[in-house]
Each structure stands twice: as C-alpha cells, then as structure tokens.
Amino acid sequence: MSFRLSLMIGLTGLMVAAACGGGQQAPVTPQPNLDSIRRADSIAQAARDRRAAEERARQEREAARERLESQRRSDSLAAAEAAMARLRESLTTRIHFDFDQSSIRAGDAAALDVKIAILRANPNLRIAVVGHADERGSDEYNLALGNRRALAARAYMVQRGIAADRISTSSRGEEQPLVMGSNEAAWAQNRRAEFTITAGGERLVAPGM
Amino acid sequence: MTLARLTMGLSCLLVSPFTLAAQDTTQAAGGVRVGITYTPGVRPGVLVLGGPRDVRLDSVRAILARDLEYSDRFELISLPSGDSLGLGLGGANRPDYVNYPLYAALGADWAVAAEAANESLVRVRVFDVGGQAVRREVTIGVSDIGDANFRLLVHRTADEIVRAVSGTPGVAATRLLLLQRGRLYTVDSDGAGLMPISPANTRALSSAWGPRGQRLVYMEFGADDGARLWIMDPVTGERRAVPPTSEGLNFAMAFSPDGTQLAFSRANDEGTDILVWNVERTCCLQRLTVGRFSDNLSPTYSPDGRRIAFVSTRAGAPQIYVMEADGTGQELFAPFDYGVTGTSNAPDWSPDGQHIAFHRDVAGAPQIFVMDVRTRTVRQLTSLGRNEDPTWAPDGRHLAFVSDRTGNRQIWIIDLDTGRVRQLTRLGEARLPAWSPRID
C-alpha cells in the first residue's frame, strides 16, 4: 500500500511541474521515468508472488486436510477389516464330534448359533460344510459318516431359519486329517466339520448393526 | 551221482517250508468259529525244472514257480542251486529223456519244464510224474522279458498248469487295484509290476473292476466338494466320466457281473444311498435305497447279478444287508446282536456266490469275516492287528485285505483252504484293494 501511495505522489509531482512551466514554452512531452517503470514492475511482481504464496499455502492446507481425512477413512477401513476378519473366523470355526457320531455337541451349538446370526445379517452369504472322520472306521463308510456330520451341522442351522440352499454339504471321510497321529488327541481333532465361505463374503455386516 | 545218494541227500528238503505256515486266528470269539482247519502234507509236490542259463527261460521258470507257490495248491519242491543237480530235461545222449524216477524221489507229483521252442516261443510242459507222461503243453509267444505282456503271458501259463493239474485254473493272471497315498495303482497278483492308474496330482479313493478286467471304475475327488466316477480301459488308459456322478460325492461302487450296470454310493444332502446306472445304454439312473435317516452304501453283486449285498445304518450301527438288484426285498444279511456285535462294513460277494466277505469290529479293531450265504453263519479269519476291506480272488478261495500287522497298512492275501497268509505289497502305504477277474 505504501508503494502505491508514493507512486501517486511521484506522478502528481510530475504533473505539477509540467503545469507550472512557461506559457511560451513548447509543451514538454512527458518522458517515461525508467526508475518508476521498474519500480512499478517490481511492485506487480511482488503482488504476483504474494498471490502464488497464498495459493500454495491454501493448497497445503487442503492437502493436509485430505491427508487427515484419508487417514480417518483408512483407520475406519482397518477397523472394518478387522471386524470382518472376526466375522469370517466365527463363520469358519470348526465343530467336533464323538466317535462314529454325527450329533451336534452342546458346546458346539454356541459356535453354530454365532454362524446363524452372521448368516441372518448377511442375506447373500453362502457357506459350505465339509465333514471329516478320524482314521478309525472303514475308509468308505467314513465318507458317509463325514457327510452325515455336515448334514447335522446344516440341519441345526436350517432348523433355526437359515435357507437350506445357502449351505452346501460334503465329506472328505478320513482322507484329510487335520492332525497326524494315532491317538485320541489327534482323532478328536480330526472328527470335525469345516466351514468355508462360498459366496457373499467380501463385505460382511456384523449381526445387530 | 546215484539216485540213492540223491534221495538220501534230499530227504531233508522234503520238509516244506510252507507246511505249517502261520495262521493268525486261534482265539475264539463269542458265537463265532475262528480259524481255518488245515491238514498239512496233502498237497501234491511240484518241481519246476531248471536248465542251461537263459535270461528268458530263467524268468519264465522263476515266475511260474512263484505263481504255483502262490496258488497254495502245491508243495513247491525247491532245491538249493537246483540246476547244479542237473534237474533239467534230457541227458547228453538223450535230449528228450525225462527222469521221472528222480522227480518222484524228490517228492514231485508234477514236474514243469520251460524250454525254448524258438526265438519267439517258449514251450512249457507239465509232466505227470506218477503216470510218466506229459499232461499239458503250452507255448508262450514271448521273445524278450521286456515285452509288454511278458509277465501276464507267463501268469496265464501258470493258471493253465493249475487247471491241468487240479481242474480249476489259478489266479496268477489277475491284478489288484490299490490306493497308495491318494493315487490308484494296479499290481500283479504276485506283487510285481506296480503301475499308476489315476492321474498324478489327483486324489482317488474307491475302485472296482468290470468283467474280465477289461475296464475298471474309480472315484476321484473333484476341485469342488464332490467326487465323480471314471470308467477306464486299463490298457489304453482312456477314461470317461460317468455322467450322473457329476453331482454329489460318489464312491464305493460295483459293476454288475455282466458289466451293463454300475451300482454306486452317493452322499449328498439327503444322506448316502445306492444308485444304479445303465453303463451300456448310458441311461436310466435308478435309486435303490431310500434312507432319510440312515446311510446305505458299498454295493456288491451276487455272481448271478440278481442280488446286491450292501451296508446300511438303518439299525444304528453299519451292518450287512441284502436286496434284489432292483432294490426290492431289503433285509438283514449277516446276523448281529444289537448293541453287542461290532460295526460291519465293506462286503464283497464271492465269485462262486457262496460267501460274503466283510470286516467287522472286534474289540475296537476291524477283522475279516466270511459269511456262508446259504446258512448265514459267519466265521472270523483274522485277529492280528487291524484287518479290513477284503476282496475275493476269482477262484473264490483267496482273499486280499488290508492289514497293519507289520506296522503300516499293506495288502495281504489269505488262502481260505490252507490258512496261509502272505504279504502282497511293501509300499509306503496300501489300502482299499480290488482283485480283478481273470484278465483276458
């Protein structure tokens, strides 16, 4: 602002000097004052610089805000991912069976109830249940037994309102033991039903949300 | 060397190493007759003659000798360094001379000689030592032991020798399907010639033979959760899927004796049931059992094709049942005491129709049982270790089964007439054997 004021004063001075010249004198064509022009140029440049700096500052503020927002977004995404991983884990938690039996144990009913809640909250979700047997018993009979176990798990869920066509069933008999070994500890782990997500598992909604 | 000296020197050799071969069933189990009665020393002696060293002939002689031993119908007379005793045919002046008195002195009722007829033919003769005559002559078209069918052709000759002597052909020219670590193989009846059948990097399980061993069917787990059946020509390796098995988990199957029908077990969301498919006309899938709350599986046809024995859990634990081939007239087959008798599985109907072999749990371990179809009485054949999945040889007197008696699961063979038991496989693991019919 002070630059502009002194420019005005300077110009006024020139005009006064010209007006007070002798009447007979040829009018003096005002010559450009090079200093004044340079001065004016530098003032304009300074103004441009200032505007650029202001623009940069604005952009930086903008970028910072965006960074913050994206951080917030990714934080909530990670939280959502973690939540979904927990849902998937609940869905794929194995259940186990007594020797040559296919009835659902009391302790495993709770695990199935959790799966039911997740299936209810996610209508597009489909799962597969595969039954397994321990190494005792006939190799071929164990396929039927594993199938029976998968069907028992499915029946439990269907009886509690899950559409049957959302749960496929199969068996691998004793062909895919989880744990090697010929002792009750290994057998107990191998007599199981495994659950996998076959469709609609990309985005899961937690029950009750 | 005089005959007298030879006879003296050989007397010790006449004590056969097989005479008192171990039979592992001596314990009695409630209501079940255990074991096999075996009278030693009544089987005819057979001597496989030697001759000058010859790779082709020596292989033929070795395979014949082993096949005859495994037939369990002979006392095989073995001599240490046999042909050093000059037990070939002929003599210096008489190439056709057959030294019957010598063979008789060695205890032989029969002598078998393999000679070169020419470069591509081997002549095998069976001599009746007592009758001093040739009983049978067979020529085998083999020029080199590397020939693709060399072993099979020699096995057939052994079966022909058994037929000449006993009236019933042997079972040397047969193969067994077996499962080793998820892959299916065939092995010759003498344990040689292990050949993969199912493709590498796939997982198979059940298998069964068609008539005359011309085709087989096996189950392969799919990439999805199912398992389908494939029918394969074991010679060419060509295979085709059984169309109705593209859905569900299909396993434990059997061809009808005429090969037109394929009965199989299918596990799906209704449980496990037995279906039958017309292989000949590729049509007419029919469900034979309906068990909403029970499983039905493992069909095996009677040799006349009219009945099917199978496993059912309709009374709770799996037991052996029987029905007409169209699914009617289902009834309990092998008797059991409810809540007492162990679970019974894996029935196989004998080729003569008279017996059903299966395994049944005894004190926590499966054991091989045979039921007489007419009287429905059962007897237990094994008690050492876990013994399961019996399969009949086409002669109806040998059974192959899985046993872990030496540690891990291997295929063993028992002769029901003598009680002799031999180990067929020495693999990393072998299970689910299926013994072929005689192979054409």
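Author: What follows is a set of questions about the terms used for this predicted model, each with its reasoning.

Reader: Let us start with B:Asn201. What makes B:Asn201 exposed?

Author: B:Asn201 has 7 other C-beta atoms within 10 Å. The label exposed applies at 12 or fewer. So B:Asn201 is exposed. B:Asn201 sits in the loop between strand 9 (195–196) and strand 10 (204–209) of chain B. Its phi is positive, about 65°, although B:Asn201 is not a glycine.

Reader: Why does B:Cys284 count as exposed?

Author: B:Cys284 has 11 C-beta neighbours inside 10 Å. The cut-off is 12 or fewer, so B:Cys284 counts as exposed. B:Cys284 belongs to strand 17 (residues 283–287) of chain B. Its phi is also positive, near 65°, in a residue other than glycine.

Reader: What is the secondary structure of chain B, in helices and strands?

Author: Chain B has four helices and 30 strands. Of its 440 residues, 47% count as buried.

Reader: Which residues of helix 2 of chain B are buried, and what covers them?

Author: Among the buried residues are B:Val60, B:Ile63, B:Leu64 and B:Tyr70. Charged names are in the list too, including B:Arg61, B:Asp67 and B:Glu69. The cover includes strand 2 (45–48), strand 3 (75–76), strand 4, strand 5 and helix 4 of chain B. Just after helix 2 of chain B comes B:Asp72, with a positive phi of about 60°.

Reader: What makes helix 4 of chain B mostly covered?

Author: Twelve of its 17 residues are buried. Each of those has 20 or more other C-beta atoms within 10 Å. They include B:Phe150, B:Val154, B:His155, B:Ile161 and B:Val165. Helix 2 (55–70), strand 4 (110–118), strand 5, strand 6 and strand 8 (183–188) of chain B are included in what covers them.

Reader: What is the reach of helix 4 of chain B, and what follows the helix?

Author: Helix 4 (residues 150–166) of chain B reaches 24 Å from its first C-alpha to its last. That is close to the 24 Å expected at 1.5 Å a residue. B:Gly167 follows helix 4 of chain B, with a positive phi near 90°.

Reader: How do you know that strand 5 and strand 6 of chain B pair?

Author: Pairing needs at least two bridges. Strand 5 (residues 121–128) and strand 6 (residues 133–140) of chain B are joined by seven bridges, so they pair. They run antiparallel. In one bridge, B:Val122 has B:Ile140 of strand 6 as its partner. The two strands form a hairpin with four residues between them. In the turn, B:Gln132 has a positive phi of about 50°.

Reader: Why are strand 18 and strand 21 of chain B said to stand at the edges?

Author: The open sheet has the order 18-19-20-21 in chain B, with antiparallel pairing. Strand 18 (296–301) and strand 21 (331–332) each have a single partner strand, so one side of each is left without a neighbour in the sheet.

Reader: What makes strand 19 and strand 20 of chain B a pair?

Author: Six bridges link strand 19 (residues 307–312) and strand 20 (residues 319–324) of chain B. The requirement is at least two, so they count as paired. B:Phe310 stands opposite B:Tyr321 in strand 20 of chain B.

Reader: Which residues touch the most other members of the largest nonpolar core?

Author: They are B:Leu64, B:Ala111, B:Val112, B:Met253 and B:Ile356, out of 121 residues. Among the residues that B:Met253 touches are B:Val217, B:Leu229, B:Leu262 and B:Phe264. A second, separate core has 19 residues, including A:Leu91, A:Ile127, A:Val130 and A:Leu151.

Reader: How many residues of chain A are in contact with chain B?

Author: 16 residues of chain A are in contact with 22 residues of chain B. Helix 4 of chain A gives the largest share of the chain A side, six residues. By class, that side has six nonpolar, six polar and four charged residues.

Note on methods:
Residues numbered from 1 in each chain as written. Chains lettered and ligands numbered in written order. Predicted model: local features only at pLDDT ≥ 70, side-chain atom pairs only at ≥ 80, totals over all residues. Contact = placed C-beta atoms within 7 Å. Core = buried A, V, L, I, M, F, W, Y, C linked by C-beta atoms within 7 Å. Expected span 1.5 Å × (residues − 1). Lists of a residue's contacts leave out its neighbours within four places in sequence.
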